[in-house]
Amino acid sequence: MSSTILACKARNIRVGAHPGLPDLQGFGRRYMQLSPEELTAVTIYQVGALKGFLDAEGMSLNHVKPHGVLYGMMCRDLEVAKAVMRGIPKGVPVFGLAGTKMEEAARDEGVEFWAEMYGDVKYSPDGMLVIDRIKKPWKTEDVEKHVRQQIETESVTATDGSTVHLAVKEYPLSLCCHSDSPGCVEIVSTARQVCDEFNKGNGYS
């Protein structure tokens, strides 16, 4: 964390926490059943660790974005989502999937919500994310099409070929790409190019 924060500081990159289930071997991508109290504690513990390093460098915590299977659990289970929200420091926004229990929990717990889209994750027909324990490669042309459809039409083609509406409303938007996806640099570069074109064409900074 220290070296990553120093690299971000040198490049003026904002830093967010990415808390997940305490599943070290499975990298937080295997299901675990925890009590609400445990989920809140895990969130406080993990976010607090990063915040300590940020404080040491005079940097602020920009956001919290739940990781892996915990993210999916929060989308479906309001109790889980609220428990995690209670572990987020006051005034720090959460990145999440709009139109799910995560959005509802953020509203109920008074946490600012930012809607997320994904550059290298597929969606199921019900609008949920398809979480792969081991990331699969993407062709850059597929990344471009996937990202462009989401940001231009607020919809996505699901794994069964159907079109799913993304209920992003008027929320601030974030686009997620994973560093453990094969060809991650090309994925991020392609996604960034599409986003830059969209922002420029719509007069956004």
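Read along the sequence, the elements of the protein follow the pattern α-β-α-β-α-α-β-α-β-α-β-β-β-α. Seven helices and seven strands are present, where helices (H or I, at least four residues) and strands (E, at least two) are DSSP runs numbered from the N terminus. The model is predicted, so that local features need pLDDT of at least 70 and side-chain atom pairs count only at pLDDT 80 or more, whereas totals for chains, interfaces and linings use all residues. Residues are numbered from 1 along each chain as its sequence is written, and side-chain values use heavy atoms, with hydrogens and water left out.

The C-alpha trace spans about 40 × 40 × 35 Å along its principal axes. For 205 residues, a compact globule would have a radius of gyration near 17 Å, and the value of 17 Å for the protein agrees with this. The radius is taken over C-alpha atoms, and the globule rule is 2.2 Å times the number of residues to the power 0.38.

Two helix pairs were examined. Helix H2 (residues 36–56) packs with helix H4 (residues 78–85) at an angle of about 35 degrees, the axes lying 7 Å apart. Axes are lines fitted to C-alpha atoms, for helices over the stretch in contact, and angles run from 0 to 180 degrees between N-to-C directions. The H2 and H4 crossing is right-handed; a crossing is given this hand if the near helix is turned clockwise from the far one by less than a right angle, and is left-handed if anticlockwise. Pro-36, Leu-39, Thr-40 and Thr-43 of H2 meet Glu-79, Val-80, Ala-83 and Val-84 of H4, contact meaning heavy atoms within 4.5 Å. These residues divide into five nonpolar, two polar and one charged. In this classification Ala, Val, Leu, Ile, Met, Phe, Trp, Tyr, Cys and Pro count as nonpolar, Asp, Glu, Lys and Arg as charged, and the others, Gly among them, as polar.

Helix H6 (residues 140–153) and helix H7 (residues 184–201) also pack at about 35 degrees, with axes 9 Å apart, and their crossing is right-handed. H6 contributes residues including Val-143, Val-147 and Ile-151, and H7 residues including Ile-187, Val-194 and Phe-198. The contact of H6 with H7 comprises eight nonpolar, two polar and five charged residues.

Cavities and pockets were located on a 1 Å grid over the protein atoms alone: a cavity is a set of points where a 1.4 Å probe fits but cannot get out, a pocket is an open set with protein on both sides within 12 Å along at least five of seven lines, and lining residues have an atom within 4 Å of a point. Grid points are joined across faces, edges and corners, and a volume is the space filled by probe spheres set on the points.

The structure holds two cavities of 30 Å³ or more.

Val-121, Lys-122, Trp-138, Asp-142 and His-146 lie nearest its centre among 18 lining residues. H6 and strand S5 (155–157) are the elements that give two or more residues to this lining, and H6 gives the most, with four. By class, the pocket lining has six nonpolar, four polar and eight charged residues.
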